[in-house]
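Trainee: I would like to learn how to read aromatic contacts in a model. Please start with the terms.

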Amino acid sequence: MAEGELELRAGDARMVVNTATGRVARFAVGGLDILRTGPRFGSFPMAPWCGRMREGVLAWNGRTYQLPRNAEPHAIHGTVRDRPWRVVDSGGTEAVVARELTEPWPFAGRVTQSFRLGVDSATFRMSVESAAEPFPAQVGWHPWFRRTLAADGKAVELRFTPAWQEQRGPDYLPDGNRIAPLPGPWDDCFAMPDGVDVTLTWPETLELTVTSPLSWVVVYDLPPETACVEPQSGPPNGLNTEPRPVTPEQPLVAEMSWRWRTLD
């Protein structure tokens, strides 16, 4: 293994966690990589917010804070996805990593991720806790699943039944209207009040189901090489529209699971 990587193995499943970025750099089943690899890809954590924040402005407790507009004109995907993480625990089929929340995020706190790999499932857990004053937070995961698993393979098919779709405005943020789910392709946020449940099927190869007690999922399948299924604790710009405060006594804790089976 390369320096800064943690490898988990269970049966024919393999997960590689890159501690320099907090990403799952590789995830393979039966020798097939199901995530697109590369510096921008894998599966990365979104915290302390998910998706786009309008114009990078956070309004909280009577004050406003300007965050870097790294997806002009917005701020996107939090502040922890490309920064080094400290290894808390690692061995065999489990790992735990953590990092402090620092500038440009204006509040002191900590994000912790844990990973557990089984022979036919994987569990991901993330928490955000405040070190002092309350602040709003979201968590989520952004996996870049490969569109095909082999050069001559069939494209992945997505199956899910959301309660509604957040109508997307011209700035790619929800405009406040709830609409019946539209056919893809998508770069859209969907509500699943009973929990996220999305199945990806690579015909004749593999079926993988993404589940989470969280009630929001963004599906992004515009790129021809990938399809993203992103469970998250709130909608885009949700720190301003649906803030969920965290405190030292009440952290935000979320979980996501992947379960797979091979197809003959």
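Mentor: Buried means under 20% relative accessible area, exposed means over 50%, and partly exposed lies in between (1.4 Å probe, protein chains only). W186 is buried, with a relative accessible area of 12%. This is a predicted model, where local features need pLDDT of at least 70, side-chain atom pairs count only at pLDDT 80 or more, and totals for chains, interfaces and linings use all residues. Residues are numbered from 1 along each chain as its sequence is written, and side-chain values use heavy atoms, with hydrogens and water left out.

Trainee: How many aromatic pairs does a search of the whole structure find?

Mentor: Rings of Phe, Tyr and Trp (its six-membered ring) pair if their centres lie within 6.5 Å; planes under 30 degrees apart count as stacked, over 60 as edge-to-face and the rest as tilted. The search finds 17 such pairs.

Trainee: Why is the pair of F27 and W258 edge-to-face?

Mentor: The planes of F27 and W258 are at 70 degrees, so the pair is edge-to-face, with ring centres 5.0 Å apart. Strands are DSSP runs of E, at least two residues, numbered from the N terminus. F27 is in strand β3 and W258 in strand β25, 231 residues apart, so the pair links distant parts of the chain.

Trainee: Is F27 buried or exposed?

Mentor: F27 is buried, at a relative accessible area of 0%, and W258 is also buried, at 0%.

Methods: Helix = DSSP H or I, 4+ residues; strand = E, 2+ residues; numbered from the N terminus.
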